[in-house]
Amino acid sequence: MSVPISQQHRVPPVEAGQSDSEPVLMVRDLGVTFPARRGHSAVAAVDVVDLDIPAGTTLGLVGESGSGKTTTGRAILQLLPSSGSVRLLGRELGGMRPGELRGMRRHMQFVLQNPYSSLHPRMTVEGILAEPLRVHRTVPASGIDARVDELLDLVGLDAEVRRRYPHEFSGGQRQRIVIARALAVDPDFVVCDEPVSALDVRIQAQIVELLTSLQQRLGVSYLFIAHDLAVVQQIADRVAVMYAGRIVELGDVADVYARPRHPYTRILLDAVPVPDPDVQRARLAAPPVQADLRSAPEPEGECVFGRNHREDGSPEWHLFDGGHGASCRYWPAGVRPDDTRA
Ligand SMILES: Nc1ncnc2c1ncn2[C@@H]1O[C@H](COP(=O)(O)OP(=O)(O)O)[C@@H](O)[C@H]1O
Ligand SMILES: [Mg+2]
């Protein structure tokens, strides 16, 4: 049975000085609206997004193309104007002065999908890796050489590749260079936006393994964006499912994958084969959800979980055991929570 607990999801921001107990990253009510352009109306690409990422853990962010994953990552990194609150290491990034924000950038880095376009073609590997060290001055100039060797070793590349250029490497090796560059300044948090989507399956597994072992060694936290749910299952501790700019479900990966609450999560998972035959059988027995969820009606009275948000003012977020939550938005008519896979 689902037990909606209305207010737990909206945690009030922790005051300065209490940051010890705070997750590395805390996002509340994040919103990004792209203004209307000729022929296009304004797009609420990200809407009321709340996320927490504790130190040394990975939050997977999944959802179909266009659901707002990249925009979420960029807004968190303050690369886009946004509303709401983004706190990194207990400090509010929104409205931070440019100089101060520049200082915070060494704590937050990113790894993007395409290692071909994200490395400067005319820079050598050592130039690429030394650049963030110079910008953020995390090591003295005399220590840069040694740090470059250390970084190459960290990502499993030979020290002798230092003088080579990006085009001399395979896709997987280039992604190792991108990862080394992201980790050069010892960040606390890295946004990995589809970091293995452009690689073939065997190489994907190697990069996922590398990211996992680096997390164990360095304690870095990841926001791992992917449309491939199998990859997220390998790397993430928790997973957030995004639909139309909103998080519709969030919880421990094992829990969400075994007992998805939201119909959209089911649609995503139905496309992924599972090795457990019992789970797979139960899955196929459940009726598929095919409705266009965007056109699902807003509930007039009680929502699918039995709350009347208009009357009691409770949020659309509903919490279950183990901090597993789901939104009551975007449920097609006729589908009830109890119809979801047990
Ligand atoms: N710079 C932009 N200007 C206008 N609309 C944008 C821009 N970037 C993204 N969008 C729109 O925002 C929505 C979310 O895009 P995105 O975050 O890239 O999704 P995802 O990463 O999940 O594929 C899409 O509707 C996309 O068209
Ligand atoms: Mg994207």
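Here's a quick briefing on the ligand site and the sheet in this structure. Keep in mind that the model is predicted. Two things get the attention: the shell of residues around ligand 1, which includes Lys69 and Thr70, and an open sheet of eight strands with mixed pairing.

**Around ligand 1**

- The residues around the ligand are Phe34, Arg37, Ala45 and Glu64, plus the run Ser65, Gly66, Ser67, Gly68, Lys69, Thr70 and Thr71.
- Sorted by class, that shell has six polar, three charged and two nonpolar residues.
- Helix α1 (residues 69–76) supplies three residues, the largest share of the shell.
- On its own, ligand 1 has 560 Å² of accessible area, and the protein covers 63% of that.

**The sheet**

- Strand order runs β6-β7-β8-β3-β9-β10-β12-β11.
- β6 (108–111) and β11 (317–319) sit at the edges with a single partner strand each, so one side of each has no neighbour in the sheet.
- On average, neighbouring strands are turned by 20° against each other, direction ignored.
- β3 (residues 58–62) and β9 (residues 238–243) run parallel and share four bridges; Leu61 stands opposite Ala240 in β9.

**Helices on the sheet**

- α1 packs on the sheet too, touching β3, β6, β7 (189–193), β8 (221–225) and β9, with its direction at about 150° to that of β8.
- α9 (residues 263–270) packs against β3, β9 and β10 (246–252), and its direction makes about 105° with that of β9.

Methods:
Residues numbered from 1 in each chain as written. Chains lettered and ligands numbered in written order. Predicted model: local features only at pLDDT ≥ 70, side-chain atom pairs only at ≥ 80, totals over all residues. Heavy atoms only, no water. Near = heavy atom within 4 Å. Areas by Shrake-Rupley, 256 points an atom, 1.4 Å probe, with all protein chains shown as cover. Helix = DSSP H or I, 4+ residues; strand = E, 2+ residues; numbered from the N terminus. Nonpolar A, V, L, I, M, F, W, Y, C, P; charged D, E, K, R; others polar. Pairing = 2+ DSSP bridges. Axes fitted to C-alpha atoms, helices over the stretch in contact; angles between N-to-C directions. Contact = heavy atoms within 4.5 Å.
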